[in-house]
Every structure is written in structure tokens, then in C-alpha cells.
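Try each task before you read its solution.

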Protein chains: 6
Amino acid sequence: MNRLAKVILSASRKGNLTNIGLASTLARSMSSGGLSKYNFESLAVTSPQEFIYKVEVNRPEKRNAMNKTFWREMVECFNTIATDEDCRVVLLTGAGKTFSAGIDLQDNAELMQGAIPGSTDLDVSRIAYKLRSKIKEYQESFFVIEKCPKPVIAAVQGACLGGGLCMISGCDIRLCTEDAWFQIKETELGLAADVGVLQWLPKKTSNDSLLRELCFTARKFDSSEAKELGLISRLYPDQEAMMGGAMELAATIASKSPVAMQGTKVNLNYSRDHTVAESFEYIATWNAAHLQTEDLAKAVMASMTKSKAEFSKL
Amino acid sequence: MNRLAKVILSASRKGNLTNIGLASTLARSMSSGGLSKYNFESLAVTSPQEFIYKVEVNRPEKRNAMNKTFWREMVECFNTIATDEDCRVVLLTGAGKTFSAGIDLQDNAELMQGAIPGSTDLDVSRIAYKLRSKIKEYQESFFVIEKCPKPVIAAVQGACLGGGLCMISGCDIRLCTEDAWFQIKETELGLAADVGVLQWLPKKTSNDSLLRELCFTARKFDSSEAKELGLISRLYPDQEAMMGGAMELAATIASKSPVAMQGTKVNLNYSRDHTVAESFEYIATWNAAHLQTEDLAKAVMASMTKSKAEFSKL
Amino acid sequence: MNRLAKVILSASRKGNLTNIGLASTLARSMSSGGLSKYNFESLAVTSPQEFIYKVEVNRPEKRNAMNKTFWREMVECFNTIATDEDCRVVLLTGAGKTFSAGIDLQDNAELMQGAIPGSTDLDVSRIAYKLRSKIKEYQESFFVIEKCPKPVIAAVQGACLGGGLCMISGCDIRLCTEDAWFQIKETELGLAADVGVLQWLPKKTSNDSLLRELCFTARKFDSSEAKELGLISRLYPDQEAMMGGAMELAATIASKSPVAMQGTKVNLNYSRDHTVAESFEYIATWNAAHLQTEDLAKAVMASMTKSKAEFSKL
Amino acid sequence: MNRLAKVILSASRKGNLTNIGLASTLARSMSSGGLSKYNFESLAVTSPQEFIYKVEVNRPEKRNAMNKTFWREMVECFNTIATDEDCRVVLLTGAGKTFSAGIDLQDNAELMQGAIPGSTDLDVSRIAYKLRSKIKEYQESFFVIEKCPKPVIAAVQGACLGGGLCMISGCDIRLCTEDAWFQIKETELGLAADVGVLQWLPKKTSNDSLLRELCFTARKFDSSEAKELGLISRLYPDQEAMMGGAMELAATIASKSPVAMQGTKVNLNYSRDHTVAESFEYIATWNAAHLQTEDLAKAVMASMTKSKAEFSKL
Amino acid sequence: MNRLAKVILSASRKGNLTNIGLASTLARSMSSGGLSKYNFESLAVTSPQEFIYKVEVNRPEKRNAMNKTFWREMVECFNTIATDEDCRVVLLTGAGKTFSAGIDLQDNAELMQGAIPGSTDLDVSRIAYKLRSKIKEYQESFFVIEKCPKPVIAAVQGACLGGGLCMISGCDIRLCTEDAWFQIKETELGLAADVGVLQWLPKKTSNDSLLRELCFTARKFDSSEAKELGLISRLYPDQEAMMGGAMELAATIASKSPVAMQGTKVNLNYSRDHTVAESFEYIATWNAAHLQTEDLAKAVMASMTKSKAEFSKL
Amino acid sequence: MNRLAKVILSASRKGNLTNIGLASTLARSMSSGGLSKYNFESLAVTSPQEFIYKVEVNRPEKRNAMNKTFWREMVECFNTIATDEDCRVVLLTGAGKTFSAGIDLQDNAELMQGAIPGSTDLDVSRIAYKLRSKIKEYQESFFVIEKCPKPVIAAVQGACLGGGLCMISGCDIRLCTEDAWFQIKETELGLAADVGVLQWLPKKTSNDSLLRELCFTARKFDSSEAKELGLISRLYPDQEAMMGGAMELAATIASKSPVAMQGTKVNLNYSRDHTVAESFEYIATWNAAHLQTEDLAKAVMASMTKSKAEFSKL
């Protein structure tokens, strides 16, 4: 945590962070403990600033590889955040120098067993049945990121491989350091990626030809190619700068009406998956309730008077 | 209009406009009046050249903010254009230095009233019901752009905010000046954008992460970031150059078979919203009639003889 | 074939090709004949290396224009490849200096006849009926590329027009030489493109505004604009370099588990056309069987030991 | 009108109509004029009872055949009803002994002209273009029934052919007299039905085999076969009894919360066209606003105290 | 064939067959041979009357069980019929006393082999891959019935089990004798039905609870329960009566405009699988061409003059 | 429990229950306790026979009204059943004389509070947000029935109102006693039904006109009208007979391959919500794994030898 404190302090000093709340934030993020209802083994959850939560994959000694505990805790964590009124935006990071090495093959041996001929007496169909359940369970671990109505910002440093890439595919905003690198590793392991990358990226990126090359070949690609692909929206010289930038972004989001913010996320997801006509119909029904919010008047007033609005919790 | 005349003349002199018809065009666009059946208060509709219509949001004194008259007239205007045989392509612009400041909050107070607690005795459900109708009405004002089968080119100068950005999202081609700037302003006003930007852009742009950042933060972005996002296809040094370029583009489109052109627009829209298999099925049914057009022979002949084809009205 | 040999040899000498198998490949691709079950008139099918097939549009004297034989043979060719266990990846190229000039208007006169008023006594409805069948037949010629579960790499040199562009739109990966140029020629011929470009590209590219401009105006665009559009993922200085690069890419793909590869292609296609939730559901059902493959263990083992895995045919 | 008055009086005397409001209703329906804002030539619109509107196709001398005026007025009529707070339920009937003979071929000659070879010099494609617009216009005449959020009850006597059947297909509830008969007449006239019957009935009826037989053969079928098909829900011995029953039904609907009623119609339509999961999602968003209605408390209270609730207009 | 001749003759004598063409029909159906381009082993194809084809599953000695030849020939047969201008309607029957006993387990052993543990050394994934291809191949054998644009009438006598039931599920109209019986046999054989019954029937029948009971339990059900389920539209006392009724139905269909008929089938299929709004859009595009048919004028004229129209082939 | 015991005993004596396992079953269902991992307050879960579970809504003193505990326990119960290998089929019943009176208004006051004006100071938008979550939570309580891959049979006696009707709408098979009655009660309470009836029934029943009448009017309907509507597949003279019939049905289902059974349910659900083409694609992928089951051989063998197959757990 010390490191982040320095990052923010430093960025703050350089005047990069205009948000006045950062000073108090610092204190909080430096405090020893996380948030009481977020006690996880594989994840560290803290609140560096009011309304901003930081979820950190916290197995640096394993390069944040995803073990069974992780898959389970992700669901619990993001489902809790989904209705936690103290959180308006999430920063998703990885502890240490590697964002995530992807699935922890040893710990997930169970998943692999079906693949080893002779490892079980079970009927093929029954293995298939179990595998399908297991895959769906793992998919849920990342799908909760999308289903959580609060914006989630992924900040990637170092390597981001396999499951790591699937995880950030489900996030709203993706930032990385210049020396970050990526690998859609699944074909190298003999499987088609089934927890996100093939499902989200065809609809989120800019060059289907490049995306397919990366999926088929499993070759590594660096941050600038990731930006060219439209996977990443912003590069930062180093992790400090990135965390500073991410915090600034999060602070802006946290300062706005949560009604507006969550409506925006829900409807962006909806629009991606439906026709334009259906998306119009859906948001008209959505906003029939949400234009009645007091936030509208508060926000308009604040906008006119250049002041800061205080929005009730949501 | 004088200004446009100069723009075109100037562009023409520089040899930027190869289309020979521009001379006569000039005369028409300089003539005092607009088109007789397009008498609007908030929109000025003219025909700068045969088959090309220019629709100009015409409230420069209000930075082309969208008032109630505007929302209504847009529907009437584009529904008329949709079946007006004299129009093959539309140029959508804004009068003055600002493309559009978005919704005119004062004039649309009615829409806002629901948001102010205590402003009405009406039942929440009944307000919701009315708001939904009103939102659908406003959505229609921009959806008519997409439903009109003729290509619509937006030419953006200065600021393009909120509703302005929603409006161009529904256009086919988006051009801007280098000093143009954009803002997805809705979250700043306490609402999720409900008239286009969240509905169209996830399917029209290149970097979902960047798009979401812009939607969530409501920060301003300039023309080069707009181009990087895939929102804009072409930048021009200034408004004159842009209008020249837009006219040239429009003239090329107007010179082609309207059967081909409208079929292309209808099917691009269809394909975006359906599977590839369904899109193949749809255009096969569409072209079953339209390959029988005389335009095919005319166009092929013209292409072979390097001459200009004259196509009947459609 | 000699030319390709040189290309590869040269690339190989420069150390660009790391894949050790290329030496033997050379011999094969230099051998006179194609593959025995692929005897086509308009297509030349060879196997330059184990598991890699090269399909070459082979009418260089007609700039690889697509005649009736071509439309029929494409279906036969790719349907055969779909279940040919000796093929894991396809390289699609054009013989000579032009990738493809598109539809061969003379040879396809039949398709055009309906367009010439007075050319037939048939009822409009009956012509429409036949045209629809014919269009669907032609669509199938390119749709087989997508339905074939093996990755297909298009390598484009020189001109790629009309039907040529539709054909590559259906491929997985698109490469080209720097001097390649493209044209969505259909509107110039008086029709809306009905064999792929309007169906695939809205979902595969990055800038809808630019795509529409190119569709409407039928103007030529060069390789760098093609890359900007997200149509092409990689440019090469010349055809030799491109073929070298394409072979290297193909070799990487061919070296991986075909179970992983085909699952990846099938699911990328599926995800593009369905919601994220449906795509998760589909791949869970797909992988319920395919995670039971022996390839998983082989691949993981190879990955750990940095050795090369041998996968059974599929 | 006299006739209906008798029907209702008679039914009322027999005690069939329990709703106490019918007495005053009588006076209103017997009054000479219709509703002031519903001045139509082909339709007679009256309000036989508070919140109940009766829309009567009113060309008995032409067996209520649908002429051009009719197609236009239907759109205007139902779009007005959609937001008319005085209307909560619509009774759709036909004046005289025949419900409707369907399209008025003479009056719609325009639509037919395209079908007569040599009747025009226009290009096939241009005719197709116009026909498509015209068909969409006619479709809208019946689609407005579905889009109007108030329940629409069709009461059918005598013949109900072609367009007449399409019209009732778009209604919510269909009643008929025992001597009513039906005919999906379009194939007999050389066309596929394009204004409703093929679009709605596959999703509203019970026996696809029977439906297809009726569509293909255009044979007449009587009321009991219509009931077996699931097209009709209730038969009445004669028109008097039917109108009495329809009024009773309408009165029940009119007595309930309009918030509940319109939400029910909108969501039944939505569910028919979407997956169960999407339908759940949609109504959750819908009811997020509408469960906040005061009607809920009023209705629950009334239900508990066996009293009649008064609901505000909607 | 003799048998059918007697059936028709007999029905004709009883005055059941009003269609005057049946006399000549008789002669044709009694003639020795089938249609020259329909030479199949498992199917007998004849034309009992102009424009009517009869396709008979022709393995009576095996109770019309479906062997490998059958699966292949169905595709060939119906694809040929799809574009055979001499056919406007198809009668699908089974030779002998049993309509069809379903899949021929012995002959399809290949399909079963994967199910027998230890029967192969192949990788699970590779077997899955092959099975999926095989299933798709078999599905195509029945899907061609739906894709063929001509109405297909199934006439069922005796037993109709498993694959037999799947086959008729894909037909347009289903008739049977009173002593016919049915069985969705697949669960009894340890599998979920994958060639039609689970895919078509939820959208074609009337009682989901009953359908599921029949699918889960695999119990036999008789003709009257089949009618109650909405699977069958008409029962006949015996096979003669049924064939007479089927011929009469076919003759009515054959006498009508093929443009109207095929448009009706294509659009009924489309509507079942799309929203009402999309179905309106599709038929508007379809009829844009097909309302230009000369058949419209011919049919209207014939309808007015009570004469019989002659329609050109389609 | 005693009651059920008598029912089964009695049915068994009459020879209605052919399944030999029923004797031992009796003992189990008469035993005092339920299944150890199913300890619920509002539900009683027992296993009356091997592989058959009975879930009984167990608040007879409240006419099985649905309280908050119930909504939560349903999710837990069916999610556990979904992967409980000892369960192959579920019988869903209500304790006492009433199947279910629907939502327990008193206990769910929380849900109602938003509806009472002035009952809270919360912002409309924030209430909407909470209501949407709450509705989704309640929907899940019934959606788990559909998502559970094991067939669920509802056996209804007495009244089945509101939420009760929604609950059975999500079941696979619906049986009832002759004196059962139903009511879609929601409009009477001032709301549109949001937990199932409007979502499932339009796709499961036979007469859209009748369904809408019942939804709009909230009138009671008896068992025979429920059968006519296609809601119920079977009526029984009394509860004993019904429970006997239900057990017999359940026993048949339990005796079959669970691979076949669950595949059948999953695919019936899928087909209802997708096009026929997509449903074919899905089951081909599904059966690619599941045709490899050993159950296929076991079942075929048992079928041939008229013996009973023993299937491994799933």
C-alpha cells in the first residue's frame, strides 16, 4: 500500500491530480486494513477515497495466478460491490509486478483432469456435464464485473495473460503501463478461451483481423499494439503514473451522479447486445423512472454554478 | 449562405472540387430562399446542388441548442426528405461557429420538471409514463436520420455537445474541423444519455474503453481524439475546407445510382443489427427486386465508357 | 510456384522465418502438382507445408475476375477443406499481380440480364425469384470461408475490388502489400453489394463513418487507409515479404492444437453474432466436450517443457 | 347506434351486465354524435361508457372494405387513442352485417397497378421502392393497434376476410358470433398476406398445421374452427349477445388500474418477441417505476374492502 | 401405386374430390414409373397430378426406418424439388402400413459407435467433432423440407416414431389416420432428440406441458391426443380417405399462384423466428418485388369471374 | 405426509402405479424427516422414491402464501437440486387444500412501501433502483425452476393465484385436480405481473386472446378452461388421484437416462427462445458430447431386451 501512497502523493505534487479529495484519500489508503465486509484471501479490497474501491488481485508470489479461491471470491466481491452504496467506481489491479499470469494450472487441476485420458472412470457425458458447470462457474467470476452496475477500471502493469486478459475484457475501461504486455494464451494450452476474451473482444476492439491473429497464434503483444487494437485506451510511462491517472479518472466518475453513472453502464452493455431500435426502447423505459431523480436538478444547478454537487447514496 | 458560397468558390478555385456541376450549384445556394416545402423555424433547408440538400440547424444565437420546435421539425424534415425524389444525399450542419450546444435546457423545462421534487402532484407512475413518451418522441428526432434511406453527412465545427453528439451519431458520415471539440455531456447533467450516443456509438467506434471513459467522465475531447475513437473519419483545417470537402463527397454520392445508394444504406444499417447469416438473407431478398433496375445497365455502361450516367429519380 | 519458393527461401535466409519446418516445405511447394482431390479450373490448391493449404485464385490473365466456374468451385473447395484432416490453416491468395478484379461481368452476364429492360419476357416476380436464388448461391461461395472451421488468411497484392473485397471480408486474417489498393466498387456499378462487404465489415472494422464513405463513394483506397479502417492488420513492403510473413503466421497456427484452433474460430464467429451472455453459454457447451481432448495435456506439457507437441489429426 | 342501445339494454335487463355504470352508458351511446376529436370518414368513434371507446369501421354499404381513407384514418385514430386519457379500453367492430370484406380493391387500385404488366414505364426497382413504402404504410394501420397500450377487443360478426382478418390479428382479444366466418383470402388474390395475418398468427394460435392449411388454401372457416385454432376466445349466439359480452369485458378492464393494464399489454407484446430472460429483465425495469404508483395501494385497499377503486387518469 | 389409384378413384366416386383434374391425375399416378430426375433408393417420387409431387419413404420391409441412404437422398430430393418448376406442392408419405419407425439403428451403427465405451481409440474431442458434423448432416435431411419453398403435406398412417416424428415436424401440414400413433422415442434410447422434434414443436403446438410430458416419458400417444396437442390438423377414418383428403388439399394449393404460395411459406417460417416488427419489415421487402407479379391480376380476374387462372411456372 | 402415503397406497392398490419401486418408496415418504441438506422453513423437501424429490410449499396455515423466507429458500432449494445427483425429477406441490394464494402481502410489505406516497423520503430514482433489484430477486425464485435441468412437475389443487400461477408457469409439466381454480390476480392489485405469468405463458399456451382476457380481467377460471388454454395438460378427479398420477409420471421420468432427460429439458427451453436454425446448431454442439454417453448403449440394449436399464448418477 505504501507504494500506492507514494504514487498518489507524487502525482499530486506534480499537480496532475486536481481533485481536492486526494489528500484525505491518502490517509485512508495508507491505513493498514481493508474494508471490513470484504475479507478475502485472493483479493485485497480497500477504499483509497470516498466512493472509490480498489480491488487488487493479491497473490503476487504466484504472479496473481487465478486459483480456486480467486474464482469464488470474485463472485462474492463484485456481487457485494454491486449493491454497496459506498462504492461508485472500482479500480481493478494486480499486486506486484505482474498484473496476472492467468489461470493457476496446478490449483485448477480438477478442471484439467478431464483432459487427461484415463484419469477417471466417468462417462464422457458425465464429465462433459460437470465441465460445463465448472466453466459456467468460472465465467461468472468475470461476468459479475459486467453485471455490477458501477464502472470498473482495469489498470494493468507487467504481464497480463490468459485469464488475466479475459478478466480485463469484462471491465469498462482498460489502462496500462507502457511496458505491459499481453498474451491470449489459451490456444497454446490446447483450448479455446472460454471465460471472456472470445466473447467480449470481438465487440470491443477495432480490427477483427488483428484480434484473430492474436487469438490464433497466442503470440505476445505489447502495450502499443494493445492500444492499436482498441483494447487499451491509455498508456502511462510507469505504474505510478498509471495509478495516478486511474485515481484521477475514478475521482471524476465518483464525483458524478451515481444514477447517471449506473444508467450509463447498464445501457452501454445493453446497446452492445441489441439492435439500435431495441436499445432506444430500453433506455426510454429506464429513464422513465430515472429522469425523476433529484440528481438531475442538483447536477444542472452545480453545472450552472460551477459548484460541486452532493448526491445521495445509491 | 454567403459564407458557404465563398467556401465553395474558394475551394473550387483551389481545384479541390473536381465536380463540374459546382458552378451552377453556387448560384442556387446563393439564392435567397430555401426549398418551398421545407419551411422550418429551427432548420434551414437548401439545395446547394442538384440532388444535394443541406439541412442546417439554424439557431446560431442559441449556439444551435435544441428546443421543442427543433425536436418536432427534425421528424417532419427527414420524413419528407425520405421520399423526396429531388434529394439523394443530405449535408447536416449547424449555423454559426458552434455545431450544437445540445439540448436547450430552458426551452425543454417541461422535460426537466419531473426531476424537480415537489414540482407536481402527479403519481410517479404517471410521470414515468409521460416521460417515456416524451423520450421516445425525442429519440425519433434523430432516429429519422437513420431511417431516411439517403446518406446523411454531418459536418461539425466548433462545439458539439450532448444532443449534438447524439444527432451526429445517427448520421452516416461524420466530418469535422480540426478545432472542433466534443463532449458527451449527459452524466454531467445527472442522466444517462437517451437519444443516441449510448445506442449507436458502441457499434460505430473502435475502442470501447475510450468510449466508456468519455461517456462516464463527460470530459471534452478534441477532433484528433474523435478520429482516434473512430467517431470522425476526416479532419479539415477549417470550416471552409470542410464544407468544400463535404460538398465534394456529397456530389460524388449524388452522381451515383440512387437505387444502389439507398440499398447500401438500408443494408449497412440492417447488417449492424443482425447476424451475418440474416444479413445475407435480407439483402438477397432486397436485391431480388433491385438488381432488376435499369440503373445497373446504365452504370455499367457509364463505367465502361468513362462517361456520366443519368439516373431516373427515386 | 517458383516465385513463392524464392520468397520463402529469401525470407528464410534473412532469419525471418524461425519455423524449422520451412526447409522441407520449400520442396513441397516447388513440386509441380497440387493436391489430388482439389482439381479446379479457377483455383489452384497446394500444400506448401504440412497442415497448411494454399488456395490461389488462378485466372491471372483475367486479373482473377470471378467467373461462374469460380463461384461454384469455391463452395466445393472450402467444403472439402472443412473436413480435410490434412489442413489446419488456409492461405488465400491471387495469382499474378492483381489479387482480384471482382466479378467477371462478361461471364456472369446471366446475372446481369435481369437488369436490362426488355431482355426477357419473364414476369418481374419470377425474375426476382431466380435472382434471389442466384444471389444466395454466390453468397455461399464466400460464406463457406467463414463456415470452414479452419483459420483462413487472405494475402492481398495489387488491386482488390468488388467481389475480391467481399471475399477477403469473410476471411479471418487479412494481410496486404503496401502497394495494394481496394475499392468497394458496387455502387459504381449501380447496385448494393450483396456478397459480403456490407454484411461483414460493419462488425469487423473500426470507423463506421469511413466505412460508409468508402461504400457510398466507391473510391479507391490504399493499404494504409485499409489499415486505419481496421480492414487489414499488417502491411508488407512487397509480395515476397508478405508471403513470407503469411507462411510464418500459418506455420504458427498449424503447429497448435487443431481442437483449440477450430474452437477458437467457431466461437469468435458465434460471439460476433450473439449477446455476450449467449456466447458464454455456447462456449460452455462447446468446451464441455473439447476440454476432454488429449491435446490439452499435450499442449500444457509442451508449454512447460518448451518442446513441440504433436497433435492427432482432426 | 340504436341497435347497440337495444343490445345493451336487453343484456342489462337479463342481468348479464353486472356493472352498474351501464345505465349512464346507454344515454351516452344513444346520443347523436361521436367524440369531437375523432372525426373520421371511415371510422365512427364513440364512448359507450366512461373509459371505453368503440371504434367502428363504418362503411357498411361497402361491407366495410378498406379504402385509402381507412388506412390513413386508422393510424390517426389509434395514435390519438394511445395518449387519450379518457380511454382505457377499445372495442373494435364493424358497422352492419359484415365485419369486413378486407381490402377495397377498386379504391386501392394504386397498389394493384404495379401488378399489371405494361401499366407503367417505371423501372422495376423504382416500383419496388414505392410498393415497399406503401406496404409499410398499410402495415402501420394495423400495427398501431398493437402499439396502442390500451387493450383492444375485436368483436366480429358475419364475414371477416383478408385485411379484416389481419386487423383482428393485431387486437388483444377476439370475440365472434357463432355465424361469423373467416377467410385468409390473400393467396386467392395471388399474393402473400403482408399486413398481419402471417406475422401475428404463428405466435397467437394453437395449431401450426391448421393455420398453414388456412393460409395456403384460402378456404373459408367458421367460428368453431376459429376457436379450435385459438384465433377466437369466445363465441356468442348473436351480435346482441356478443356486444353485451364485449361491453361487460370492456367494463371490467376499464374499472381496473390503467397503470396495471397498460403495463400488462406492453409486457405481453414484449414477451412474445423476446426470450424469457430478456422479458424478465424488461419488466423489472418497467416496474421499477410503475410499482411506485398510488394505484397499487388503492387497488389493494379496494380488494381488501371489496369496494371500487377510483384511479387517476393515465 | 395401384393402391393409391384405388384410394383416389374411390374417393372420387364418393364425390369427396371436387377437383376436376383428378381424373387425369389418376392415369398419371397409375403409370409405372416415377419422375426421371428423382431416382432414389429409399424414396419413391411420383407426380400424381400436375404440379403435385408425392415423396414416399419407400422401405416398407423395414417399416420405413431411416438408413444412411435415406438421410442423403432426402437432401438431394428436396433440394431438387425446391427449384423444380413442375412442383408446387409436396405430399410426404410412407409406403406400407407404417409411416416410419424412425432411425434404422443397425444401419446407422456408425452414429452409435461413439456411444459404446472402448469402441474406438479416438480422442473424446475428435469424436465430438465428428458427431457434431454427422448430426448437422442428419438435421439437414429434415431442414430441407422447411427450406424448400413449396408447401409440404405429411400424411401419416400407422406408427410414426422418433425420426419419423422429427420429419413431420418440419412439414407444413400434418394429417393422419385415426389409428395412427406417435412416439417421441429418443429419451427411451438414451438421448435428447436432435433432428427436429425439440426444435420445431415448441413453436408449432398448443400445450407446452403436454409436449414436455411426451418428450420426457417417450410414451405412445394416439391420433386424437396428437390433434389435441395441435400436432395434427385433421384425422381421417382410414388411409384411403386420408390420401383422398390430402390430394384434394394439394390440388387446391397447386391451383393457386405459386408466387403467392411460396411467399406465404417463406414468410410464415420467417415470422415464427422473428419479432412481429421484423416480420413486417421482411415481407414489405419481399412483396416489393412480388406484388409486381402478373399473377396478381390473373388471380383477381379469375376470382371476379369465378374462372380458373393459369399461372406461369415458378 | 400421511396423506400422501395414503394417496400412493391407494393408487397402488388400484393398480394405477405400475412401477414396482413404489412399495419401498412408501416407507421413505412416510418416514418422519425430509432430506438432510434441504432444511427449509417454507418448503418441505422429501424423496418419496429413488431419484424423485417432492418440494412442497409448506405454509398451509397461510394458504401457502409466499413470504420473504419463501422467495429466498426457493433459490437455494432449486440451485441445490440442480446439481444433486440423487434427484432426477421434481414434484412441486402445496401443503393443504390450497396450492398457493400467491404473494403474502403483509410479509412483503417492504415491496409495497414504495407504492404508498409519502412513505419514504427517498428519491424516486433510488426507490426505482431498489425495486428493480428486488423484482429481479423474486424473479430468480421462479427462474431457478427453469434453469434447474431436471424436469419439474407441478401438481395443483384448490386455488392457484397470482405468484402461485407464476410459479407453475416456470414448471415443465402442469397437472391439476378438477376442482382447482386459477386467477392471474395482479391487475386486480394494481400492477403488471412481473414474476413469470406474462413472461412464460405467451409461449406455452394455445389461445393468445383467451390468455390476454385472463391477464386483463383477473377473473377466476376453472380447471377445464385452464386445460383449454393449454396451461394444464391433465385433470384428475381429486388430489389423491393427481398425486398418484404425478408419481407415476415422475417414476417414468426417473427410470430413464438422466443424460437424455436433462438434455431434453435444456434444449426445449433453448428452442423456445431461439430460431429453429439456432436450435439445431445448439443441440448439435450439445449432443457432440452427450451422444458419447454409455447411457445410449444401455438404453438401446434395455429397449431391445425389454429390460430395465440402470444409469449412473448425473
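**Exercise 1. Find how many residues of chain B are in contact with chain C, and what area is buried between them.**

Step 1: 53 residues of chain B touch 47 residues of chain C, where contact means heavy atoms within 4.5 Å.
Step 2: About 4300 Å² is buried between chain B and chain C, with 64% of that area coming from carbon and sulfur atoms. Buried area is the accessible area (1.4 Å probe) that two parts lose on being put together, summed over both.
Step 3: On the chain B side, B:L268, B:F280 and B:Q292 lose the most area to chain C, together 17% of what that side buries.

Before you go on: this is a predicted model, in which local features need pLDDT of at least 70 and side-chain atom pairs count only at pLDDT 80 or more, while totals for chains, interfaces and linings use all residues. Residues are numbered from 1 along each chain as its sequence is written, chains are lettered from A and ligands numbered from 1 in the order in which they are written, and side-chain values use heavy atoms, leaving out hydrogens and water.

**Exercise 2. Describe how helix α11 of chain D packs against helix α8 of chain F.**

Step 1: Locate α11(D) at residues 258-273 and α8(F) at residues 208-217; helices (H or I, at least four residues) and strands (E, at least two) are DSSP runs, numbered from the N terminus.
Step 2: Their axes lie 10 Å apart, at an angle of about 150°. Axes are lines fitted to C-alpha atoms, for helices over the stretch in contact, and angles run from 0 to 180 degrees between N-to-C directions.
Step 3: List the partners: D:M261, D:T264, D:K265, D:L268, D:N269 and D:R272 meet F:R212, F:C215 and F:F216.

**Exercise 3. Which residues of helix α3 of chain A are buried, and what do they pack against?**

Step 1: Select residues 68-82 of chain A, the 15 residues of α3(A).
Step 2: The elements they pack against include β1 (43-49), β2 (51-57) and α5 (124-147) of chain A.

**Exercise 4. Is B:F51 buried or exposed?**

Step 1: Find B:F51 in strand β2 (residues 51-57) of chain B.
Step 2: Check its phi, which is near 75°, a positive value in a residue other than glycine.
Step 3: B:F51 has 11% relative accessibility, so B:F51 counts as buried.

Note on methods:
Expected span 1.5 Å × (residues − 1). Buried < 20%, exposed > 50% of the residue type's maximum accessible area, 1.4 Å probe, protein only.
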